[in-house]
Amino acid sequence: MAVLLRNPKTITRTTTCSIKPLSSCISRSFSSTTLNSETDLKVPSFFSCISPPLRQEPKDRNVQWVFLGCPGVGKGTYASRLSNLLGIPHIATGDLVREELNSSGTLSSQLKEIVNQGKLVSDEIIISLLSKRLEAGEAKGESGFILDGFPRTIRQAEILEGVTDIDLVVNLKLREEALLAKCLGRRICSQCGGNYNIASIDIKGENGKPGIYMAPLPAPPQCVPNLIQRADDTKEVVKERLRIYNEMSRPVEEFYRNRGKLLEFDLPGGIPESWPKLLEALNLDHEDKCTAAA
Ligand code: AMP
């Protein structure tokens, strides 16, 4: 499967030079802006890193992209497809939160309450979870990332900007009626983690807004007995998550727009219509564009 990144800014290349791990810099950058610890979260040992972060030229490293967008828009779906295509880790902070929430750690019940109300987890917890994930990836030789669900506040965006250069921020957009239906129709395989959707979305165009059709994404037979719904995918909680997105995360779009990094992408429909168009918008040539859309 050949992939060609046409934009020279986004050329993928592995690096051999030694750099200060990004995980340590994120954690340290956060420490300098945090006065109080709100939780008993264990601070990773690399917290004490004192030298300034080293930025690598985009040509010397893999891409560092961010996916923004409302709950249910499909950040996870498209970020994970691109991750497979480009061989770059897809890091979803929502997944990190759910892993911690399902563990027997001391934060578990606190996180469950926050997430199930549709609220945001504190910046401190998120930075700590993300730093640990980046540290684990770096230890395995990972380079570059596609972040999904981070940053979600201006403060998170500033911390990220303080430690590394983000090459591109993709802002996925979909009409709000479709977002709610997609969250309510989402089903996850508890065994393999596969993401499916039972919603059939057919919204007529009105007032200049185009209509949109999105076919269900059925689970394969082996996953059907294991399908579960996320506890925060209820009508009430999704509405709260959308409200919080508008209040806390919408300004992050502006943050990156002002820096000339935001790529707006209106999803034209389901995966078969959207995936090839997204590749085009990203200047990615993919010889299997058609099959990849299936
Ligand atoms: P998601 O899977 O992205 O919808 O995230 C699920 C939940 O995890 C969110 O509703 C938040 O409670 C929490 N979460 C994920 N990412 C962040 C973040 N960057 N900042 C704060 N909370 C987050």
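Modeller: First, a definition. A residue is buried if 20 or more other C-beta atoms lie within 10 Å of its own, exposed if 12 or fewer, and partly exposed in between, with C-beta atoms placed from the backbone. This is a predicted model, in which local features need pLDDT of at least 70, side-chain atom pairs count only at pLDDT 80 or more, and totals for chains, interfaces and linings use all residues. Numbering runs from 1 along each chain as its sequence is written.

Now the setting. The protein has 10 helices and 12 strands. These are DSSP runs, numbered from the N terminus: helices are H or I with at least four residues, strands are E with at least two. Of its 294 residues, 36% count as buried.

On to the backbone. Most residues other than glycine have a negative phi, and most peptide bonds are trans.

Start with N283. Its phi is near 65°, a positive value in a residue other than glycine. N283 sits in the loop between α9 (271-281) and β12 (284-286). It has 15 C-beta neighbours inside 10 Å, so N283 counts as partly exposed.

Next, N207. Here too phi is positive in a residue other than glycine, near 50°. The loop holding N207 runs between β8 (201-203) and β9 (212-214). N207 is exposed, because 4 other C-beta atoms lie within 10 Å.

Last, a peptide bond. From F150 to P151 the bond is cis, with omega near 0°. P151 belongs to the loop between β4 (145-148) and α6 (154-163).
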